[in-house]
2 protein chains.
Amino acid sequence: MSPKMESAKQRSVVVKAMAHPTRLLVMDVLTSGERCVNDLKDLAGCDVTTLSKHLALMRQAGLLQCEKRGLKVFYRMACPCFLEFFRCIDLIKANQDLSNACAEC
Amino acid sequence: MSPKMESAKQRSVVVKAMAHPTRLLVMDVLTSGERCVNDLKDLAGCDVTTLSKHLALMRQAGLLQCEKRGLKVFYRMACPCFLEFFRCIDLIKANQDLSNACAEC
DNA sequence: AAATTAGTTGGCAAAAAAGCCAAATAATGA
DNA sequence: TCATTATTTGGCTTTTTTGCCAACTAATTT
């Protein structure tokens with residue numbers, strides 16, 4: 001397999017771990033600091049077991065880190081570089097809405 | 001629905017459009033310039049019809065633009081900001097492999 | 001120790017995504 | 001005009017992902 005294909009495969013593990021509305025919401029929330037599972041569940045508005053599986057998936061992909069303190073498990077972003085990533089994603093959407101060239105990036 | 005959830009939903013359309021090895025390979029290839037469908041098919045090593053559907057999906061999400069010249073359709077990235085994105089994704093993977101803190105980002 | 005709180009895991013049904021074949025369209029060349 | 005080349009679309013099956021329930025583990029409180 002070509003090196004580019006190899007790289008694409010590895011990247012897809014990380015990108016897939018972001019490719020869900022609930023998981024992107026979690027990332028957005030966690031950019032402003034750590035949160036416990038229950039808080040995230042309230043923000044996401046889904047079953048705790050569902051959220052727990054989303055979090056496990058993101059952690060396994062290397063997106064999140066977690067730490068247990070008492071009864072609670074706190075999750076945080078493993079890497080702050082995603083702020084820039086969100087800016088890029090949102091730009092794509094904005095450009096598409098305007099149906100014009102990418103002015104800013 | 002909360003504004004954050006609304007935003008996450010819109011972002012997920014773009015992120016899902018990247019969340020596949022073949023589609024990430026296409027993005028990687030297109031960062032160095034436009035290509036026609038047949039060239040991309042050879043690089044991806046899949047059926048042309050499969051690739052064509054991948055490309056249509058990416059275009060609908062705003063990731064790609066295309067232009068027909070003669071018999072061929074040339075695809076290009078709609079936005080060059082993804083170079084930075086790849087750097088971030090690869091860093092996640094590298095950090096996970098090393099199992100240590102995010103030194104660079 | 002029993003009850004409570006916080007989170008995870010197993011299992012399964014439903015929904016979404018992927019991939020291929022056959023057929024269609026579109027531009028070019030003989 | 002007919003054949004060829006390049007790409008897209010429709011349809012259908014297989015695979016993957018999602019989401020909830022029930023059951024489980026782990027730390028804390030009574």
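**View 1. Helix 2 of chain A passes helix 1 of chain B in a right-handed crossing.** A crossing is right-handed if the near helix is turned clockwise from the far one by less than a right angle, and left-handed if anticlockwise. Helices (H or I, at least four residues) and strands (E, at least two) are DSSP runs, numbered from the N terminus. This is a predicted model, in which local features need pLDDT of at least 70 and side-chain atom pairs count only at pLDDT 80 or more, while totals for chains, interfaces and linings use all residues. Residues are numbered from 1 along each chain as its sequence is written, and chains are lettered from A and ligands numbered from 1 in the order in which they are written.

**View 2. Helix 2 (residues 21-30) of chain A packs against helix 1 of chain B at an angle of about 120 degrees, with the axes 8 Å apart.** Helix 2 of chain A is therefore oblique to helix 1 of chain B. Axes are lines fitted to C-alpha atoms, for helices over the stretch in contact, and angles run from 0 to 180 degrees between N-to-C directions. Angles under 35 degrees count as roughly parallel, over 145 as roughly antiparallel, 65 to 115 as roughly perpendicular and the rest as oblique. Among the residues that meet are Leu24(A) and Leu25(A) from helix 2 of chain A, and Met5(B) and Ala8(B) from helix 1 of chain B.

**View 3. Chain B touches chain A through 37 of its residues, in contact with 38 residues of chain A.** Two residues are in contact if their C-beta atoms, placed from the backbone, lie within 7 Å. Helix 1 of chain B gives the most to this side of chain B, with eleven residues.

View 4. A residue is near a strand if its C-beta atom, placed from the backbone, lies within 6 Å of it. Helix 4 of chain A gives the most to this surface, with six residues.

**View 5. DNA strand D has 22 residues around it, the closest being Asp47(A), Cys36(B), Asn38(B), Thr49(B) and Ser52(B).** Helix 4 of chain B provides the largest share of the surface near DNA strand D, six residues.

**View 6. In chain A, pLDDT stays under 50 over residues 100-105.** The term pLDDT denotes the predictor's confidence in each residue, from 0 to 100. Chain A averages a pLDDT of 90, and 92% of the residues score at least 70.
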